[in-house]
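These are my notebook entries on a structure that I looked up. I wrote them in the order in which I worked.

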Amino acid sequence: MAEENWIEVGSTDSIEEEDLIRFDHQDKTFCVYRLTDGFYATDGICTHEAVHLEDGLVMDDEIECPMHQGIFNIKSGEALSPPACEDLKTYPVKVDNDKIFIKID
Amino acid sequence: MQNNIIILGGGQAAIYAAREIRKNDTESNIKILGEESLLPYERPPLSKDFLLDKKNEEDLFFYSSDVLINENIDFDNVSINKVDFENKKLFTKNESVYSYDILLISTGSENKKLSLDDNLNNDVYYLRNLKEAKIIKEIVSNKNQITIIGGGFIGLEIASSLSQLQKKVTVIEIGNQLMGRIIPKQIADLVQNTHIENGNEIILNKQIDKIIKKNDIYEILLNDNSLIETDFVIAGIGSTPSVKLFENTNLKLDNGIVTNQFCETSIKDVYAAGDVSNFYHPLYEKNMRLESYQHAQNHGICAGKNISGVKTEYTSIPWMWSDQFNLNLQLTGICDDYDEIIERGNDINNGVIYFFLKNKKIRGACGLGIVGKVGRDIRITSKLIEKNTIVDKQILSDQNQKLNKLILKL
């Protein structure tokens with residue numbers, strides 16, 4: 001895999017536990033989450049309507065859209081509760097020297 | 001045990017109930033009887049993204065016909081005009097009979113109509129279903145000056161959409177505020193300002209005395225003798241539960257079909273869910289009837305569980321939203337029974353929320369903000385209401401403090 005696909009998001013202490021940050025890269029928006037067992041990343045826009053998930057609520061392994069309460073599993077991207085029915089894309093994450101990287105295809 | 005389960009009504013509560021029953025019961029026959037020929041579809045976009053051409057008909061369906069086929073859920077497009085609860089039978093107009101062992105009624109609600117002269121009944125349009133939305137969408141494309149009678153959710157959402165289509169919109173509301181049935185005045189006033197800033201005219205405290213048709217123009221005479229000229233009239237003045245079919249039966253009715261917290265009606269093996277049900281809410285210790293997306297879904301699921309033997313109390317905290325212009329309004333709980341109000345934020349760009357407390361516990365909250373700015377806090381508030389706990393008012397009122405703190409303390 002080409003090394004340049006890993007994009008640095010920021011330091012690990014930039015995200016509180018059970019929370020997320022928005023990360024914009026080129027013309028795309030991502031959400032990067034810190035859960036109890038590590039860091040995860042998904043697309044940053046809800047699949048139901050174009051709203052940023054950065055203002056959503058993270059509970060356990062789930063992100064809930066702030067607009068209409070569609071719920072997604074953060075680790076798998078699965079749409080768990082309507083009105084969301086299309087899954088959210090997820091991205092690999094790694095931590096290196098306290099820095100978070102996500103792999104964008 | 002194999003039962004014949006019939007779901008009367010083909011909307012959101014019906015499809016969620018059907019799928020929930022199938023999850024727990026692979027044996028029974030499940031049949032939905034819908035008056036519209038379409039499979040259950042989402043109604044919220046009809047007044048917004050559908051009018052704005054951002055969503056098409058095919059985007060609206062909850063599930064495709066494949067899902068129903070795979071789960072062995074039947075859907076018949078019929079209109080029932082007689083019910084015999086004693087013999088557990090439903091009859092269509094031409095006397096076709098459907099027999100059931102268990103019946104779920106999810107007939108929803110219907111629009112209240114203005115009392116008008118007979119010759120005007122076809123000149124005022126209402127929006128509840130896809131057919132009506134299509135008609136309105138087509139007609140407004142050739143109209144410029146549009147009047148909406150009723151300043152509730154549906155009227156204001158249409159007003160917002162039509163304004164975005166560059167129409168000149170006037171909203172006439174009989175009450176002294178917009179959305180007065182459930183939305184606190186503080187929030188309603190902020191919504192009103194946004195409509196006015198976007199060019200819509202909002203008229204409060206006025207009744208329609210008469211509508212006069214003059215060629216292609218309507219003159220709307222108000223009770224203060226003022227006159228509004230308009231090309232097209234849409235009314236959204238509230239709705240009533242669809243219970244006509246049951247009026248001369250033993251089914252207990254009172255502002256809808258009276259149900260307990262298990263979706264059970266006064267008649268054995270007959271359940272009701274969604275808009276049509278006036279259900280008992282254990283947390284609020286009273287009956288209530290709700291007309292919302294979340295309620296139709298969750299109440300349908302709860303009925304499905306109870307029908308399939310999974311005894312489940314309905315404890316969902318009411319939640320609803322409205323999208324107008326770039327604003328998202330959300331309400332959780334109930335906001336009309338309180339002894340204290342706490343305000344969080346004062347700028348809709350960052351979100352404004354009013355919390356309604358009774359005995360130091362939150363009973364309801366209503367928030368308004370640019371899309372995305374109030375959802376998280378409203379969701380946390382729903383959880384706080386559900387826990388029925390005394391909250392730290394200082395955190396509620398300080399937008400710099402995250403509401404998560406209150407949940408972590410539980």
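**Entry 1: Chain B as a whole**

I began with secondary structure and noted that chain B has nine helices and 26 strands; helices (H or I, at least four residues) and strands (E, at least two) are DSSP runs, numbered from the N terminus. I record that this is a predicted model, in which local features need pLDDT of at least 70 and side-chain atom pairs count only at pLDDT 80 or more, while totals for chains, interfaces and linings use all residues. Residues are numbered from 1 along each chain as its sequence is written, and chains are lettered from A and ligands numbered from 1 in the order in which they are written.

I looked up the radius of gyration, taken over C-alpha atoms. For 410 residues a compact globule would have a value near 22 Å, and chain B agrees with 22 Å; the globule rule is 2.2 Å times the number of residues to the power 0.38. Of the 410 residues of chain B, 43% count as buried, that is, 20 or more other C-beta atoms lie within 10 Å of their own, with C-beta atoms placed from the backbone; 12 or fewer means exposed, and in between means partly exposed.

**Entry 2: Domains and cores**

I noted that chain B is divided into domain 1 (4-44 + 60-110 + 240-307), domain 2 (113-237) and domain 3 (326-408); the bounds come from an automatic or database domain assignment. The C-alpha centres of domain 1 and domain 3 of chain B lie 33 Å apart.

Which residues touch the most other members of the largest nonpolar core? They are A:Val32 and B:Ile234, in a core of 83 residues. Such a core is a set of buried Ala, Val, Leu, Ile, Met, Phe, Trp, Tyr and Cys residues joined through C-beta atoms within 7 Å. Helix H4 (residues 153-164) of chain B gives the most to this core, with six residues. Domain 2 (113-237) and domain 3 (326-408) of chain B both contribute residues, so the core lies between them. Another core, of 40 residues, lies apart from it and includes B:Ile15 and B:Val243.

Most residues other than glycine have a negative phi. I found that B:Met179, not a glycine, has a positive phi of about 50°. B:Met179 is buried, with 23 other C-beta atoms within 10 Å. B:Asp269 also has a positive phi, near 65°. B:Asp269 counts as partly exposed, with 16 C-beta neighbours inside 10 Å.
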